[in-house]
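Please take a moment to look at the protein model shown here, with its sequence beside it. The paragraphs that follow lead through it one feature at a time.

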Amino acid sequence: VDDIIVVHPGEKIPTDGVVVEGESTVDESMATGEAMPVQKKPGDEVIGATVNQEGLLKVKATRVGKDTFLAQVIKMVEECQSSKVPIQAFADKVTGYFVPAVLLIALTTFVLWFIIPENMAVIANWVSPILPWVNMNQPILMLAIFATVATLVIACPCALGLATPTVLMVGTGMGAENGILIRKGETIQTMKEVKAILFDKTGTLTKGRPEVTDVVPVEKGSEEEYKVLFYAASVEQGSEHPLGQAIVRKAKEKGVKLEKPESFKAIRGAGVKGFVNGAEVLVGKPSMLGSREHSLSADIQIVFKDLQEQAKTAMIVAVNKKIIGILGVADTLKEDTVAAVWEIEKMGVKTVMLTGDNQRTAEAIAKQVGMSEVYAEVMPYQKVEIVKQTQSKYGMVAMVGDGINDAPALTQADVGVAIGTGTDIAIEAGDIILIRGDISGLVSAIKLSRATFRKIKQNLFWAFIYNVVAIPVAVFGLLHPVIAELCMATSSVSVVTNANLLRRVKIHASYSQTN
């Protein structure tokens with residue numbers, strides 16, 4: 001504590017502390033869910049494990065070891081793990097009662113064949129002309145032994161024992177083939193019962209990095225958009241800021257040939273300026289021109305307001321003090337997010353957004369996605385409480401996230417779904433991991449869960465019915481032990497075969513199947 005740490009651009013801040021010298025932007029998305037980098041200056045607090053973006057910082061350590069933000073998050077995860085009650089498999093409970101019951105039935109069969117052989121042999125005598133293996137001319141002891149052994153063999157709970165694990169094996173294998181890793185078999189049973197799913201925003205619903213979404217030239221013309229991107233991206237080549245890098249990426253995607261900037265200068269909290277082909281270029285806030293938003297022309301103000309209402313960062317592009325265009329930058333949705341959320345809602349599951357980002361951004365993203373319930377500016381410990389409230393409100397709940405700040409909530413939820421492209425601690429806390437990181441994988445996970453559980457119920461039904469029918473047949477001496485063995489083997493094979501039929505089920509999202 002109190003040590004001064006030098007943090008260079010691109011490095012992770014090693015522990016919680018306070019900035020004592022330097023200015024920079026810090027990517028806190030992994031800790032707080034804030035999509036855009038946060039400006040830091042002397043006196044501002046920083047969180048350990050977040051990434052310094054562009055400037056050199058000197059940080060005074062305030063918390064180390066078990067007292068840091070990261071350590072507290074890990075502690076919450078461990079506490080949630082210890083409080084989670086595992087689901088007991090239905091087949092195990094049935095088998096626990098079934099085996100003693102069968103032993104008792106077999107013993108009773110042996111005794112009854114000795115005490116009242118005439119009564120026990122009534123049905124056997126009637127069908128003996130039809131069933132060649134039923135021989136009633138044998139001694140009573142032999143008939144009793146045959147009936148007892150046949151009862152024990154036919155009632156061997158192999159089919160009951162195989163009913164669940166074979167389906168789980170096929171289901172988890174299908175999941176892995178489709179980029180869905182399921183850590184525990186009981187998660188499949190829990191997932192089908194989920195009534196609400198909470199989504200983190202940054203990196204889960206969105207791509208987790210800023211992109212240029214709007215290029216609005218002031219003047220009309222086919223070349224004007226190219227011109228705006230040319231000047232903005234050329235000067236931003238000298239910037240290490242994520243917004244500047246997003247502008248350069250957009251220009252390269254559009255095939256814009258850039259020029260090297262001269263006299264480049266970054267103005268903290270405002271933007272950048274430099275010279276391109278002899279022209280002075282400014283990119284950033286209107287204040288760089290010595291004016292504020294309200295002093296801009298009416299048309300530009302309308303564009304600014306529209307972009308801000310969509311929770312986008314609006315920037316002017318000016319050449320020689322004249323505004324030539326406006327750029328809108330935002331953390332955009334993943335390509336499949338809207339369709340996946342719609343399909344999840346269609347399946348009868350409530351969707352909720354839970355994010356550490358600001359209220360305006362959260363509401364704008366929720367509107368685009370189609371979610372009506374939003375929790376914004378939420379800290380990690382508050383996420384756990386909101387998960388608990390949602391469980392009380394809806395019942396079984398799943399949580400989908402990718403950051404350190406999501407880990408406690410992932411563990412508290414009945415099913416934690418981690419984005420495979422996220423942080424290690426989030427992945428460790430998840431019950432299901434979506435390797436590809438797309439939300440359509442969650443749709444597949446729900447469909448797989450429901451299809452798998454249907455197969456489990458089918459297997460348990462047929463295994464149970466088989467025993468209900470076969471045991472009385474064996475008790476009354478209608479089955480030779482060898483026939484009983486064949487029937488028992490057939491029941492096991494049928495259960496395994498039915499489990500493999502799960503592979504025919506289509507678990508992909510409906511819109512991806514259509515495409």
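Val18 has Glu45, a residue of strand S5, as its bridge partner, where strands are DSSP runs marked E of at least two residues, numbered from the N terminus. Strand S2, which covers residues 16-21, pairs with S5 in the antiparallel sense over two bridges, and two strands are said to pair if DSSP finds at least two bridges between them. Strands of a sheet pair through backbone hydrogen bonds, either parallel or antiparallel. Here four strands form an open sheet with antiparallel pairing, in the order S1-S7-S2-S5. Its edge strands are S1 (4-7) and S5 (45-46), each of which pairs on one side only.

This is a predicted model, in which local features need pLDDT of at least 70 and side-chain atom pairs count only at pLDDT 80 or more, while totals for chains, interfaces and linings use all residues. Residues are numbered from 1 along each chain as its sequence is written, and side-chain values use heavy atoms, with hydrogens and water left out.

How is the protein chain divided into domains? An automatic or database domain assignment gives the bounds, and the chain is divided into domain 1 (3-67), domain 2 (100-165 + 455-504), domain 3 (180-206 + 334-447) and domain 4 (209-332). The centres of domain 1 and domain 2, taken over C-alpha atoms, are separated by 71 Å.

A loop between strand S14 (313-319) and strand S15 (322-333) holds Asn320, which has a positive phi of about 55° although it is not a glycine. Lys321 lies in the loop between S14 and S15 as well, and Lys321 has a positive phi of about 70°, again without being a glycine. For accessibility, buried means under 20% relative accessible area, exposed means over 50%, and partly exposed is in between (1.4 Å probe, protein chains only). Asn320 counts as partly exposed because its relative accessibility is 49%, whereas Lys321, at 53%, counts as exposed.

The last topic is the aromatic rings. Rings of Phe, Tyr and Trp (its six-membered ring) pair if their centres lie within 6.5 Å, and planes under 30 degrees apart count as stacked, over 60 as edge-to-face and the rest as tilted. By this rule there are two aromatic pairs. Phe230 and Tyr231 form an edge-to-face pair, with 5.0 Å from centre to centre and 70° between the planes, and both Phe230 and Tyr231 are buried. Phe461 and Trp462 also form an edge-to-face pair, at 5.2 Å centre to centre and 75° between the planes. Phe461 is partly exposed because its relative accessible area is 45%, while Trp462, with 55%, is exposed.
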